[in-house]
Amino acid sequence: MISDLHLCDSRPDLTAAFEYFCQHHAARAQQLFILGDLSDAWVGDDDDSETANVIRSQLAALQQSGTQVWLMTGNRDFLMGEKLASDCGLHLLDDPSEVELYGRRMLLMHGDSLCTDDAEYMAFRAQIRNRQAQQQLLSQTLEQRRALAVALRAQSKSANATKAEDIMDVNQGEVERVMCHHKVDLLIHGHTHRPANHEFAYTNDSGDQVRARRIVLGDWGKLGWYITLSNAGIELHSFPIDS
Ligand code: MN
């Protein structure tokens with residue numbers, strides 16, 4: 001599992017790390033789960049940037065060599081859709097998604113919907129997750145969408161600069177509400193760029209204490225992050241990225 005690579009043309013080091021990861025790690029896995037923000041700004045499945053083409057060719061190669069690819073979108077690449085999925089032979093994954101892997105049930109999310117303390121962001125999220133708004137975006141030319149992506153990124157950067165650190169993290173009450181609703185004791189997500197393994201307990205609908213675990217994937221920068229799942233267990237890994 002990976003998330004938050006934020007691949008873009010201006011960071012060839014990250015794209016190279018992604019190619020290496022696909023060829024040397026993901027290719028040996030049965031499945032690869034991408035939990036959002038693989039791309040820093042996906043402007044539509046007709047995106048013909050260098051990075052978009054690398055993403056397509058790497059994911060298609062994985063699928064062809066026998067690794068099933070599951071893709072959840074994030075707040076940066078919410079326009080990844082059916083066309084990309086059929087181009088690469090990958091499967092789109094809803095946010096949230098309940099999955100069972102190696103006999104263990106878990107909930108997968110991008111993580112942005114858990115940041116309920118950030119009211120301004122939640123309002124923006126409701127807008128971009130609206131299908132009609134997405135269709136309207138996609139009806140614009142590639143150039144218009146690229147300009148909009150640049151504007152949105154600048155806007156979000158200046159908005160986030162004045163926000164308190166904890167406002168941009170997940171809300172623990174929301175984490176527990178979602179886990180209780182889906183009846184899971186394991187949640188894996190990205191988005192917050194705070195890679196960690198949190199252990200806690202929550203009270204379920206029957207009043208029982210549930211020992212729970214929330215694993216947060218890291219964003220790729222100086223380090224790359226991924227989670228491995230096997231019969232032996234679940235592990236969060238990091239590795240250095242040469243820039
Ligand atoms: Mn994100």
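Which residue in S5 stands opposite glutamate 100? Select glutamate 100 and look across: arginine 105 is there.

Before moving on, some ground rules. This is a predicted model, where local features need pLDDT of at least 70, side-chain atom pairs count only at pLDDT 80 or more, and totals for chains, interfaces and linings use all residues. Residues are numbered from 1 along each chain as its sequence is written, and side-chain values use heavy atoms, with hydrogens and water left out.

**Stop 1: the sheet.** Select S4 and strand S5 (residues 104-108). They pair in the antiparallel sense over five bridges. Two strands count as paired if DSSP finds at least two bridges between them. Helices (H or I, at least four residues) and strands (E, at least two) are DSSP runs, numbered from the N terminus. Now show the whole open sheet: five strands in the order S4-S5-S6-S8-S7, with mixed pairing. Its edge strands are S4 (97-101) and S7 (196-203), each pairing on one side only. From one strand to the next, the twist averages 30 degrees.

**Stop 2: the helix across it.** Select helix H7 (residues 172-182). H7 lies across S4, S5, S6 (186-189), S7 and S8 (209-216), at about 70 degrees to S7. Axes are lines fitted to C-alpha atoms, for helices over the stretch in contact, and angles run from 0 to 180 degrees between N-to-C directions. Contact means heavy atoms within 4.5 Å.

**Stop 3: the manganese ion.** Select the ion. Its protein donors are Asp37 (OD), Asn75 (OD1), His110 (NE2) and His191 (ND1), lying 2.1 to 2.3 Å from it. Donors are N, O and S atoms within 2.8 Å of the metal (3.2 Å for Na, K and Ca); water is not among the atoms, so sites may look incomplete. Asparagine 75 is in the loop between strand S2 (68-72) and helix H3 (82-88), and histidine 110 is in the loop between S5 and helix H4 (119-128), so the pair ties together parts 35 residues apart in sequence. Is histidine 110 buried or exposed? Histidine 110 counts as buried, at 0% relative accessibility. Asparagine 75, at 13%, also counts as buried. Buried means under 20% relative accessible area, exposed over 50%, partly exposed in between (1.4 Å probe, protein chains only).

**Stop 4: arginine 194.** Select arginine 194, in the loop between S6 and S7. Arginine 194 counts as partly exposed, at 26% relative accessibility. Show its neighbours: arginine 194 touches Glu165, Met168, Asp169 and Val216, not counting residues up to four places away in sequence. Arginine 194 and aspartate 169 are 25 residues apart in sequence and 8.3 Å apart in space, C-alpha to C-alpha.
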